Amino acid sequence: MLSERTELTGLFVEKPESVVAITGKDVTFVVKVDSTNLTRKPTMKWLKGKWMDLGSKAGKHIQLKESYDRNTKIYTYEMKIVKVVPGDAGGYRCEVSAKDKCDSCTFEITVEAAEQEGQADILSTFKRIDRLCFLKFNVLYYSGAGEDEGELDFSALLKAVKKKKKPEPELEIDVWELLKSAHPSEYEKIAFQYGITDLRGMLKRLKKMKVVEPKVSEAFLRRLESAYSVNKGKKIVLSVEVTDPNAEIKWLKNGQEIKASAKYIMESDGNIRTLTINKCSLADDAAYECVVGTDKCFTEVFVKEPPITITKLLDDYQVVVGERVEFEIEVSEEGAHVIWMFEDQELSRDDKSSKYRFKKDGKRHCLIIQEATTEDSGMYFVYTNGGQSKGELIVEEKELEVLQSIADLTVKSSEQAMFKCEVSDEKVTGKWFKDGKEVQASKRIKISHIGRFHRLTIDDVKPEDAGDYTFIPDGYAISLSAKLNFLEIKIDYVPRQDPPKIHLDVAGNLVSQNTIIVVAGNKLRLDVEITGEPAPTVCWMKGDKFTYLEWPSGLCTLTDAEGRVRVENRKDLSSLVIEGAEREDEGNYTITVTNPAGEDKANLFIKIVDVPDPPENVKCTGVGEDCATIIWEPPKFDGGAPLKGYLMERKKKGSSRWTKLNFDVYENTTYEAKRMIEGILYEIRVFAVNGIGISAPSLNSKPFMPIAPTSEPTKLIVDDVTDTTCSLKWLAPERIGAGGLDGYIIEFCKEGETEWHPANTDLIERQSYVVRNLPTGEKVDFRVVAVNMAGRSPPALLGQLVTVREIMEHPKIRLPRELRTKYIKRVGEKINLVIPFQGKPRPVATWLKDGQPVDEKKVGIRNSNVDSILFIRSAEREHSGKYTLSLKIENMEDSANIDIRIVGKIT
């Protein structure tokens, strides 16, 4: 028993209707869906019976097709059953769903055997042989090959039927009833008597017809139906009619007696007994019995769940080993059943040893992995009975992040030097090296590890402590390096009138002469040794601007002495200090020292290096089925250090979780992102990388959707050729995809050329086309390309050259059988003769009456490519005569005679 599911959203514009199909004929069902208010492409399912998905049965017998009209935003779905067989009979259902919206409808196919008796006579009443018509159950079915093939003479049909009625019809013998009651030894005799030649086919059909009649029940006048169907949450009534109105009955469910309650209501009204099941749940999907004494009747109730759609899709995750992962979806109904899968393996809730945990909270369903490993990387799927979603999990090995690197130091004798760094994992240990040799702790050298901080402290610095120092974390292939510069102060005897002298010793910071590089955010302390007697006056300037002034007494008259940029001064030493260097601090600096004995000056250039600015203008320039091409522009400022490359991340639109696209630095500004899901909107951002670090992310690209062109059209053939035209036919592509199909482009190429010329300027939707204005006698190749919003498909090639030349075919008239003898009509009746013929090029048809041209004022003549029609609206006696139809193609000719007699009316 089929029950139509409640229409939830009314997505259908056109629904299929129930039909009566004829065995061996094709039948097509069309569904149209309005996608104006949909955010994504709808999903269409064709079902037979309760659950059989016809998508898995598609092939030569069942053909599924879909198309999309971008102007009306209408999706058209077709199901064609080729050569219907009796097994195709039954109930069918089509379901469409899109995110949180869905709709469905039902229809039935009834299969009847093809009728042979009398078909030739019925066909003869129509005047076109290329159109097949038949009358069944007072319904006329027909199929034709053209749009201008003339009119059908329905009056002739009715008259023909009337002629067949005999005043005293002979008594017909039902051969099958005779066979069913006969002994098997008589089968061959009966078959010979009634002209049955296919004895094996007769026996097969007879076997199917011999049905064991059911045992007549004494307790039941009307039994339960064989099956019932009900939607979840609705009620259903099971009813029987018993012979005895006083009979006591029992209702059983799966063999257990049902007790009356608010859910199960049992009623008795005369001979009628009913069982009402309220608010059906999945637990009510069972076998039921009605028992009267020793007699029973059975049925089965099927409870259908409404389609559960996924309203919140899965996100992609990118984690490191050991982190917790929680995939989450939301569905349209509470208490829904969902199935989780990893790749092609279903994840079971019953396996207690499994690492997966499942959580359900109302409409929210979660899959939890407590500690992820690299083996957990892959695609995860979740299914409901009305939708599905998937998300990708990428599990990376845990990386150590350097939060603070060690910096170069310049210290003087007997001072303290401290190297300090900070890493992301406080459990990580490491070793210190000097010039490649491990540093061992001593009274003067101390190594400490507190939380995330690692320190190397050297007391009472000596000249031999200068060198390259490196910290290497245990278990990680990274190293942090810095240089210790020893500042040696030479004490010489200076005459009292010694000119001032600047002694620069900043080799550790210099990349070229007098250039000092500082990483933005780091502290710069530039110590400059000064000699002179008397003690000189020091003046610091940036560019042409006077900045700092110090006096010999060591007292500073600076207004910014305590600021971020300041000058500190000790005996014979002037220090320029910049706390947290910024880009504005970059420039030329001048230090000038003067005393009565003279003056000295030194120029320095301080260069501030930083992470680069973010890349700009990130955009998608092309998409494929699961990929997209992304381009961007380099950052305006490279941070003062050469760019090493870029890092890219992507996310689904609406999600906040970003996934890395590359782990190694990518050097170009064009990147092809892969492993995407067709039909999903994505956004991408890009980071720039130089020797200092990683920039801030760029602005997100505009959302884009991976969509692929269709596959090439199939089965391209030449249907016809004339002196200037070529007719082509083909079938739709096997794969259309989320981009739909907008139409086709037909192209041709002459022999010896390489350039293909378009035959049509606008896209065509039909699967046939006539290429016109071709040069006669030329050899031409043809191809067809499908086009959708993603671009052109690969071409369907003809594979051979076609010569543009009319194929000569002799003219031949195919005179209908009833016109080969005298054609008799009564005065006042209508005459409509359709004479089919063949011949190429198109024959010239002429009519003669008794050897003279037909008077077209009295007789209507109409010619087409395949037939000629003679039409008389009201016959008169003068219309009697010998009519001749002549066909002529150049010097080839054919003719046929028709003898028409008009007789008077019967009075």
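The model is predicted: local features need pLDDT of at least 70, side-chain atom pairs count only at pLDDT 80 or more, and totals for chains, interfaces and linings use all residues. Residues are numbered from 1 along each chain as its sequence is written, and side-chain values use heavy atoms, leaving out hydrogens and water.

**Open sheet**
- Five strands build an open, mixed sheet in the order S65-S72-S71-S67-S68. Strands are DSSP runs of E, at least two residues, numbered from the N terminus. Two of them pair if DSSP finds at least two bridges between them.
- S65 (823-826) and S68 (852-853) are the edge strands; each has a single partner strand, so one side of each lacks a neighbour in the sheet.
- S71 (residues 881-889) runs antiparallel to S72 (residues 892-903), with nine bridges. Lys 882 sits opposite Asp 899 in S72.

**Hairpin**
- S69 (residues 860-863) and S70 (residues 867-872) pair antiparallel over four bridges. Three residues lie between S69 and S70 in this hairpin.
- Asn 863 has Ser 868 in S70 as its bridge partner.

**Negative patch**
- Glu 751, Glu 753, Glu 755 and Glu 778 form a surface patch of negative charge. Patch residues have over 30% relative accessible area and no salt bridge, with like charges joined within 9 Å. A salt bridge puts a side-chain nitrogen of Lys or Arg within 4 Å of a carboxyl oxygen of Asp or Glu. Each Glu charge is placed at CD.
- Glu 751 lies in the loop between S57 (743-750) and S58 (757-758).
- Glu 751 is partly exposed, at 47% relative accessibility. Partly exposed lies between buried (under 20%) and exposed (over 50%), using a 1.4 Å probe and protein chains only.

Methods. Patches are made of residues with over 30% relative accessible area and no salt bridge: like charges are joined within 9 Å, nonpolar side chains (Val, Leu, Ile, Met, Phe, Trp, Tyr) within 5 Å. Accessible areas come from the Shrake-Rupley method with a 1.4 Å probe; for residues, only the protein chains shown count as cover. Lys and Arg count as positive and Asp and Glu as negative; His and the chain ends are not counted.
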